[in-house]
Each structure stands twice: as C-alpha cells, then as structure tokens.
Amino acid sequence: MAIIGMNYKGYTAIIKSDTLDSEVRTTILEHDTNFMTISVRGRLPGIAFGEHVTILILMPSCVHEFSGVPRKSNGMSSSLTLYNGRLKESRSAVRYTVNSPAVVENLIFDDKLAPMCNPLNVRLINVSTSGALIRARPNYFCKDAAAELKITVADNETVVQGVVVRVQEVDDETTDYGFRFI
C-alpha cells in the first residue's frame, strides 16, 4: 500500500543501512511532501551518502517503512530522499533492534481499554512494521492477551495496541513476549 499525504515531522525514524550492519535512531525535523525528502537530527554515522537505506517511521498507531537514499549533511541535520513507502503487515518484516524501556498501562478486554492500577515496566527489544518483541518478568502476559504499549524512543512517545502471539521463557526471571500490532 502506498503512503500518500502523510507528514512525518516530529516522529522518530530508525535508519538502517541496507549493506552495512549500521543503524541510527533520530527525529524527523522536516518533511517535504512534494519531493518526498526528510531532514533528520544529526549525522548518520556508519551510513554512506548515496547508499540505499531502510527507514522505519514510528507513528502513533502504526509503523511506516520506506526505502531511501541519504543526500547530504551539514553536521546538525541530514537529508534523505524517500521512495517505495508502505505500511507493511507482513510477519516476515525486517526487525529493528531498539532495546529501550516501554510501559503497559492498559489491557484490552472486549475492545475496551482497562486501565491498570500499577503500570508494567517492560523492555522493548525490537520492532518491525507488524509487531514488537518485549521482555518482562514471567507471567506478565499470556498468549492472546491484548494490551496497549507506550514506547518512548528519541523523546518521541508512541502508543500501540497489540496482542501477545508468542511467549518464550528466557530464564527464571525473564520472558520474551511476541506482540503483534492490531
């Protein structure tokens, strides 16, 4: 599905080299929707200008993925041209390592939010366009549990809803939960 008419200014972008094992998390400062270019905060260390990259933009309720090419940097910001934008729903979507704190404040029952008395602090391990892997204590969630996850990356807060599709014990004190966005 092509993405038309969205303005990404202020959202978090994860920029990943398609050829090197390099990834940058940053904030989108400007978005020119006519020429499909974005300016992001800072340099893009480990990413060569002119090389193809994958750009994951974290939106309030979904993730948009683009291919792109870095064009220039003035030290304070870098610009990229975007193409092939899509909202991917594929389970085989590329996963991006995030490793940042997240919070579960609401569970979802019968399509209604149920606020929790004590929010659950979890760790966001990775994210893709279709879901996320979160790490928490054992028995925080069971398979098919639905919840609202608040993610903060690069000072941008995003709230996503999802359902637990996989539960895997890491050790006696830690469990990984596969979380599919809904």
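**Notebook: exposure, rings and contacts**

I began with Asn99, which counts as partly exposed at 45% relative accessibility. The cut-offs I used are under 20% relative accessible area for buried, over 50% for exposed, and partly exposed in between, with a 1.4 Å probe and protein chains only.

Before going on, I noted that this is a predicted model, in which local features need pLDDT of at least 70, side-chain atom pairs count only at pLDDT 80 or more, and totals for chains, interfaces and linings use all residues. Residues are numbered from 1 along each chain as its sequence is written, and side-chain values use heavy atoms, with hydrogens and water left out.

**Positive phi**

I placed Asn99 in strand 7, residues 96-109. Strands here are DSSP runs of E with at least two residues, and helices are runs of H or I with at least four; both are numbered from the N terminus. The phi of Asn99 is near 50°, a positive value in a residue other than glycine.

I then turned to Asp144, a non-glycine residue whose phi is also positive, near 75°. Asp144 sits in the loop between strand 9 and strand 10. With a relative accessible area of 58%, Asp144 is exposed.

**Aromatic pairs**

How many aromatic pairs does a search of the whole structure find? I got 4. Rings of Phe, Tyr and Trp (its six-membered ring) pair if their centres lie within 6.5 Å; planes under 30 degrees apart are stacked, over 60 edge-to-face, and the rest tilted.

One of the pairs is Tyr8 with Phe66, edge-to-face, with 5.6 Å centre to centre and 80° between the planes. Tyr8 belongs to the segment before strand 1 (12-17) and Phe66 to strand 5 (residues 63-73), so this pair ties together parts that are 58 residues apart in sequence. I found both Tyr8 and Phe66 buried.

I next looked up Phe141 and Tyr177, an edge-to-face pair with 5.1 Å between centres and 85° between the planes. This pair links distant parts of the chain, 36 residues apart: Phe141 is in the loop between strand 9 (131-136) and strand 10 (146-153), and Tyr177 is in strand 12 (residues 174-181). Phe141 is buried at 7% relative accessible area, and Tyr177 is buried at 0%. Ring pairs also join Tyr140 with Phe141 and Tyr177 in a cluster.

**Ser79**

Last, I checked Ser79, which lies in strand 6 (residues 77-86). Is Ser79 buried or exposed? Ser79 is buried, at 14% relative accessible area. I left aside neighbours within four places in sequence and listed its contacts as Ile38, Ser39, Val69, Pro70, Arg71 and Lys72. Contact means heavy atoms within 4.5 Å.
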